[in-house]
Amino acid sequence: MMMSNGDQEEEEAGLHSSREEMESLVLDDPPVTQSQGRNSQLSRPVTINYDPLLSSSPSYADRQSPDSPFDSFLEPPSYAEAIFTSFDSSSNGRDGSPDFSTTANALSSEFLSISVSDPQRMDELNNSLVPGGSGFYTYLITTRTNLPEYGGPGSEFGVRRRFKDVVALSDRLLETYRGFFIPMRPDKNVVESQMMQKQEFVEHRRVALEKYLRKLALHPVIRKSEELRMFLEAKGSLPLVRSTDVASRMLDGAVKLPRQLFGEPTAAVDLQEVAKPAKGGRDLLRIFKELKQSMSNDWVGAKPMVVEEDKEFLEKKEKLMDIEQQLIDLSLQAESLVKAQQDIGETMGELGLAFVKLSKFETEEAIFESQRFRAADMKNLATAAVKSSRLYRELNSQTVKHLDKLHDYLGVMLAVNGAFSDRASALLTVQTLSSDLSSLQTRIEKLEVASSKIFGGDRSRLRKIEELKDTVHVTEDAKTRAVREYDRIKENNRSELERLDREMQEDFKNMLKGFVLNQVGYAEKMAKAWENLAEETRGYVKESS
């Protein structure tokens, strides 16, 4: 049955109201135990010391006074609080959003701490026709470090950067450090920026940028890179060389294409670009050739002249693909667990609040003395239920903190796939250049055979042969550079895989330890709350016997 908008709004208003009441509830001491005896409760008038439903809230100073009747009450923490008591020591770890290198960096005396704060709106003066009509936000990025690359111990500095600067940094790192597991930068989230309130979106982006930069700071190579140092230190506009936009690269490629097609040797291969991915668009002929080579590898089934021969790498790659799928499944189950704990905590709190209201009613409207006794009993039950609700909330906070590691590693897997794509791209370049050399050698042999059949040789063919030999020389140099780049990426992959295996084992051990210890610890605290109530209910049996 569908609810009308009015019914739905009324239900939501009631839900928010009850949550506010439960949040403001101050709990009494645990209910009396069997050793205290139920008769002591019967021999005195039943009073419900403080209840926000019956009187106004005491001040903080009143509750802190030694003589105050409120000093035995449990003051509930705010629902907005995100830090609770943890049963594992990992909660007090170093600040930062952990990457899979957390353990190694935690054991190191070197540190690079980055925080992002103070978002400020700036007007886009160049493109805005109306003042305030277009603009962007800058963020204060503060760095504290003792790394010698940043000036050594005691170094602290800050710069203001906008999101576009972070994009430029990310592009430069991905281009320069191919084969490394570079953390993925936050998306621009154009749709999300339109859905969220402005301040909410700005804060969401601030948190995402801080998390991204802290991951970069944890990477053993990137943290000491010139690119990151300039980003964090240089005042004013970002001094990194920005990548040329795609349209400009395509235009450059289109200008160069005719010279390549007409066989100009120096235009056949760009030695400066051969160590970079072809997808950049500056060399259109190379893009076409590598696309052809890729189709030949995948669809025609022709075995390329150069193949991936590292069987250990191929096995690890396949294993990581399986692990990624397992992480996806496990992450979904973790989200279900968090939702279930949240639901049971909220339901328990609503139950406790309902008993508080019933206890109030029984106290105010009592006709028989037994109703007053029953009201006290229900207040004790309400106390245990609301305490359990708050414990579930605290437990859920710790569960999110520990199982969020699964989400972190899903992000790591994106970086791993990017590094593997670098390797595949570099291999494809080597394969394409090898095929080009083979094709050039075949053309030269055919021309030499045809020229030998003519007395004195064919000058035009001989001239073409010399041009092709020049192209072969340039292509061989290009292949040498491409092979060198491929080997460099392979070595980067190898070292990163070793680091991933080592740190993943340690991080997951800490995650499981923290998760289990907190589940056990909070279960014991909840059991204690109900155990005290159970001691009271045992007294009922003795009285009735």
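Predicted model: local features only at pLDDT ≥ 70, side-chain atom pairs only at ≥ 80, totals over all residues.
**Salt bridges.** I looked up the total and found 22 salt bridges in the structure. I then went through some of them.

Glu-110 pairs with Lys-224, with 3.6 Å between the closest N and O atoms. This pair links distant parts of the chain, 114 residues apart: Glu-110 sits in the loop between helix 4 and strand 1, and Lys-224 in the loop between helix 7 and helix 8. I noted Glu-110 as partly exposed because its relative accessibility is 25%; Lys-224 is partly exposed at 36%.

Glu-485 pairs with Arg-178 at 3.3 Å between the closest N and O atoms. Here 307 residues separate the partners, Glu-485 being in helix 14 and Arg-178 in the loop between helix 5 and helix 6. Glu-485 is buried at 9% relative accessibility, and Arg-178 is buried at 2%.

Glu-498 and Arg-494 meet in a salt bridge of 2.7 Å, N to O. Both lie in helix 14, four residues apart, about one turn of the helix. I also recorded a network of salt bridges linking Glu-203, Arg-206, Glu-210 and Arg-214.

**Asp-507.** I found this residue in helix 14 (residues 459-544). Asp-507 is buried but has no salt bridge. The side chain of Asp-507 does make a polar contact with that of Tyr-409, at 2.8 Å.

**Helices 5 and 8.** The axes of helix 5 (residues 163-176) and helix 8 (residues 226-233) come within 10 Å and cross at roughly 165°. I therefore logged helix 5 as roughly antiparallel to helix 8. The crossing is right-handed.

Conventions: Residues numbered from 1 in each chain as written. Heavy atoms only, no water. Helix = DSSP H or I, 4+ residues; strand = E, 2+ residues; numbered from the N terminus. Buried < 20%, exposed > 50% of the residue type's maximum accessible area, 1.4 Å probe, protein only. Lys, Arg positive; Asp, Glu negative; His and termini not counted. Salt bridge = Lys/Arg side-chain N within 4 Å of Asp/Glu carboxyl O. Polar contact = N/O pair within 3.5 Å; in protein donor to acceptor, adjacent residues only side chain to side chain. Axes fitted to C-alpha atoms, helices over the stretch in contact; angles between N-to-C directions. Parallel < 35°, antiparallel > 145°, perpendicular 65-115°, else oblique. Left-handed = near helix turned anticlockwise from the far one by under 90°.
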